[in-house]
Amino acid sequence: MSVGRARSWASHPAAVVVLAAGEGTRMKSRTSKVLHELCGRTMLGHVLAAAGELEPERTVVVVGHRREQVVAYLGEHAPAAEPAVQERQGGTGHAVRMALEQTGELRGTVVVTNGDHPLLRGETLAELVRAHEDEGNAVTVLTTEMPDATGYGRMIREADGSVSAIVEHKDATEAQRAIREINVGMYAFDGKLLADALQRVTTDNAKGEEYLTDVVAILRGDGHRAGAHLAADWVETQGVNDKVQLAQARRQLNDRILEAHMRAGVTVIDPLSTWIDVGVTLEADAVVHPGTQLHGSTHVGEGAEVGPGSTLTDTTVGADARVINSVCENAEIGPQASVGPYAFLRVGTRLARKAKAGAHVELKKAQVGEGAKVPHLTYVGDATIGAGANVGAGTIFANYDGVDKHHTTIGEHAFVGSNTVLIAPVSIEDGAVTAAGSAITKDVPPGAIAVARGQQRTIEGWVERRRSGTRYAEAARRRAAQLDEAGDETGDSGEAGGSGGPAGGGHGE
């Protein structure tokens, strides 16, 4: 355990060195091991986020295998981090030496951590630094107590709590193997003493590599104090070496994220089927139903409900809105708006307050005004729909002419009849109506109705002449006989049929 005067703060380290040069053969992937993702970030991204909480003067990432991938990632996501190249896999001591050869002499605390420990918390690293500086150590080892320590290096302590040795499992006695405190493989060093000790690390071992653990023995042999800080949660200290462990870490991290949201007032109906990225924010009284995934920078407002079976990426959901069985990407859903079921909101879609995108509706770069409704079976692309407008079922906004995309404007309180095709660019002005089944190619003035469909033509007896002997003809004869019989009984000799529906008919609610 750490001893000494406790502080509520830690100084900013001179540097954090992240070891990310390993080959990671057990991942069996063309992607660098440390770039595998969980909960919205790469493993390396999680480690850099934790390290960033220390506000170090410098952050150095040692790269080696597939370094072009890692360097590109750093350039895009962590430009302040400096890559240091380890040309050959010469061990952990060699990797840190490569980092210090690039940085030059570092005065102050140097933290060394690993790029494949995505569950590591920033507060744990801060506690490591505090313990290191409180105790005046030359080196402080991060440790934890494992339920089963088989295979790990055991921490051997002096009576005052300082570290006397780190003994590998294969070299440990039975008494030492009973110790559950193990070396996690992360350290806080005095930067100047670290640089000197690294020059004295040998390769006199089975692998012919420079081990960072040897620095602990060297510094202790020089008369300096070696300490250890015990991390309370052994789970967060575990590394990821293959995709089984990656899946386990993903579950553990997701559980941590869900717990934090639930304790902040969010209702998660079924945590086992709910996945939320680290960058997602939710307000109190939001409800997340089963089978839901929230990715990227998605935000869910107070009282809003998402799910079941919904996937939202970089999407904003306003207060008291509802999203059911839908996929939303880079969309904005206003307060009290309604989405789904089975809607697809694509990039650039914005629904205002109380707007509706209903069942089997797809929207792309569409602005839907306050209270406007697109309830059923409709594609809306590159369009503006005014407040209170209604778009009938089966409507298509034909925005693409094969070369360019064009815009459609629907005015306030306009009514688009069912099965209308709006051929952009076109404008349906405020209060205007389109008749069901129309193909609209010209602007419709305010308050007008546009009818763009052929007049119905009925050819009597066509089926009997052209489909004689088929089941269709038989059905027609049978029904005609029934109608004739009904006419004889009532004495009605008028023609069957009636007046058509309203010219603007549409199924909009």
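## Salt bridges and a helix pair

At 26% relative accessibility, Arg346 counts as partly exposed, in what is a predicted model. Its salt-bridge partner is Glu362, with the closest N and O atoms 2.8 Å apart. Arg346 sits in the loop between strand S25 (344-345) and strand S26 (350-351), while Glu362 belongs to strand S28 (residues 362-368), so the pair ties together parts that are 16 residues apart in sequence. Glu362 is also partly exposed, with a relative accessible area of 26%.

Side chains of opposite charge can pair when their charged atoms come close. Searching the whole structure turns up 21 salt bridges. Another of them joins Glu181 and Arg157, whose closest N and O atoms are 2.7 Å apart. Because Glu181 lies in strand S10 (residues 181-190) and Arg157 in strand S8 (residues 154-157), this pair ties together parts that are 24 residues apart in sequence. Here Glu181 is buried, at 9% relative accessible area, whereas Arg157 is partly exposed at 21%.

Now follow the chain to Arg477, which forms a salt bridge with Glu464, their closest N and O atoms being 2.6 Å apart. Arg477 is in helix H10 (residues 471-490) and Glu464 in helix H9 (residues 462-466), 13 residues apart. Salt bridges with shared partners connect Glu464, Glu474, Arg477 and Arg478 into one network.

Helix H3 (residues 92-103) meets helix H6 (residues 191-198) at an angle of about 120°, with their axes 10 Å apart. That angle makes H3 oblique to H6. Gly93, Val96, Arg97 and Leu100 of H3 make the contact with Leu194, Ala195 and Leu198 of H6. By class, these are five nonpolar, one polar and one charged residues.

Notes:
Residues numbered from 1 in each chain as written. Predicted model: local features only at pLDDT ≥ 70, side-chain atom pairs only at ≥ 80, totals over all residues. Heavy atoms only, no water. Axes fitted to C-alpha atoms, helices over the stretch in contact; angles between N-to-C directions. Helix = DSSP H or I, 4+ residues; strand = E, 2+ residues; numbered from the N terminus. Parallel < 35°, antiparallel > 145°, perpendicular 65-115°, else oblique. Contact = heavy atoms within 4.5 Å. Nonpolar A, V, L, I, M, F, W, Y, C, P; charged D, E, K, R; others polar. Salt bridge = Lys/Arg side-chain N within 4 Å of Asp/Glu carboxyl O. Buried < 20%, exposed > 50% of the residue type's maximum accessible area, 1.4 Å probe, protein only.
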